[in-house]
Each structure stands twice: as structure tokens, then as C-alpha cells.
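I opened my notebook to look up a few things in this structure. The entries below follow the order in which I looked.

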Amino acid sequence: MESLQSAGPTRQGQRRPGTRRLDKRVVSAAREAIQSGSLIPLLKEELWCKIQTRRLSEGQGELTLPSTPPVTSKLTPDDIEKRFLRRQQNKNAARRFRAKEKIKGHQLQQKISRLEEDRVSLEALRKNLRQEKMGLVSKLREHLVQCTAFDDVFHHHDIRSLHIQPSDDTTSDHPTVS
């Protein structure tokens, strides 16, 4: 490790600044690694040493880390009560939201069912109207063949030669005249 090599005296017989602390940190990291069975503390220390070495070689100052543990404040009874109330309000709001979503889903299912029923009934009505139209077209064709009253009005057109056929086109409701 680099930190162990830098712990000794330099060529001039002087220690580099911070080397004593490096030794203590390396030993502490080694103990922690042995106790935990993980190399992570040693890897962290090695990384810290490399960063320090680079900083010192670039003429920057030594990186110091705050040694004070993070401040954890204990909650007062009022804060605990507020936290409890917020959690209760959140639970109630989530419950209301889920209930609304369930109702909305049920309403959409009902609407889908109604629209499906409407579609089926409209298709049946369309089928009946087509059959009625075909019957009326057929009667009109028979009437035109037998009717002579229009001969005077349409003397230049031969109405009997008109062929009115029911259309299979779903977009058109008018019979085809050929």
C-alpha cells in the first residue's frame, strides 16, 4: 500500500506532513477490515491516501475531514405527535384516493357495458333497416315494371329498363340505379 510506504522517513530524514496520521488511519482501517471480514475499510483508506498524495503533489493543502459525527436530534413529544398526525393524514388520504379510483374504475366498467349494449342494439336496428330497405327497393322495382302511368311523363326515358339494386355499401343508404 502506498500509505505504508510513505509512513517512513524520506531521503532527507524528515517525515512528510500527515504521515503519522496516515499510519494510525491505516492501522485502524486494517483492524476494522479484520473485524468486519471486508476489505472495504482498507480500500477506502487507500483511496483517501491517493487523493491526499495527489493534492500534496499539486501543491494543494491537506484534505481534512470533519471528525464530528453527524448531529442527530431527538424529537420532542410535540414533534412525535405531529409526525404521527401527518402519517395518519397521509394514510387516510391514500385510503380515500384508492376508494375514488375504485369507484371511477367501476363507473367506467358500467359505461363500457352500456355503450356495448347500445352498439349491439344499433347494429340490430341497422340490420332491420337494411332488410326493410331491400324490401322497399324490391317493391319499387316491381311497381316500375308494372306501372304505365309514368310512361306519359317520362316518355323519353324507358323506366322499365331501370335496374334498381340494393347497395351492399355500408356508407350509402341509396339504391344503386344502373
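**Entry 1: the whole chain.** I read along the sequence and noted the pattern α-α-α-α-β-β. That comes to four helices and two strands. Helices (H or I, at least four residues) and strands (E, at least two) are DSSP runs, numbered from the N terminus.

I noted where the model comes from. It is predicted: local features need pLDDT of at least 70, side-chain atom pairs count only at pLDDT 80 or more, and totals for chains, interfaces and linings use all residues. Residues are numbered from 1 along each chain as its sequence is written, and side-chain values use heavy atoms, with hydrogens and water left out.

**Entry 2: burial and surface.** How much of the chain counts as buried? I found 12% of the 178 residues. Buried means under 20% relative accessible area, exposed over 50%, and partly exposed in between (1.4 Å probe, protein chains only). I then looked up the accessible surface of the chain, about 15,500 Å². Carbon and sulfur atoms hold 56% of that surface. Such areas come from the Shrake-Rupley method with a 1.4 Å probe; for residues, only the protein chains shown count as cover.

I also looked up contacts (heavy atoms within 4.5 Å). Among those between residues at least 6 apart in sequence, 35% join residues at least 24 apart.

**Entry 3: helix 3.** I checked its length. Helix 3 covers residues 40-57, which is 18 residues. The expected span is 1.5 Å times one less than the number of residues. That gives 26 Å, and the end C-alpha atoms are 26 Å apart, so the two agree.

Which residues of helix 3 are buried? I listed P41, L42, E45, W48, C49 and Q52. Seen down the axis, these buried residues fall within an arc of 120 degrees, so they line one face of helix 3. The arc is that of the directions from the helix axis to the C-beta atoms. I then turned to the face pointing away from the buried side. That face carries the exposed residues L43, K44, L47 and S57. Just after helix 3, G59 takes a positive phi of about 85 degrees.

**Entry 4: salt bridges.** How many salt bridges does the structure hold? I found six. A salt bridge is a side-chain nitrogen of Lys or Arg within 4 Å of a carboxyl oxygen of Asp or Glu.

One of them joins E46 and K50, with the closest N and O atoms 3.9 Å apart. Both residues lie in helix 3, four residues apart, about one turn of the helix. E46 is partly exposed at 27% relative accessible area, and K50 is partly exposed at 44%.

Another joins R54 and E58, at 3.8 Å. R54 is partly exposed, at 46%. E58 is partly exposed too, at 49%.

**Entry 5: helix 4.** I moved on to helix 4 (residues 77-146), where R119 and E123 lie four residues apart, about one turn. R119 forms a salt bridge with E123, the closest N and O atoms being 2.8 Å apart. R119 is partly exposed at 38%, and E123 is partly exposed at 42%. I also noted a network of salt bridges that links E116, R119 and E123.

Last, I looked at L122, which is found in helix 4. L122 is exposed, with a relative accessible area of 54%. With L125 and L129, L122 forms a nonpolar patch on the surface, about 300 Å² of accessible area together. Patches are made of residues with over 30% relative accessible area and no salt bridge: like charges are joined within 9 Å, nonpolar side chains (Val, Leu, Ile, Met, Phe, Trp, Tyr) within 5 Å.
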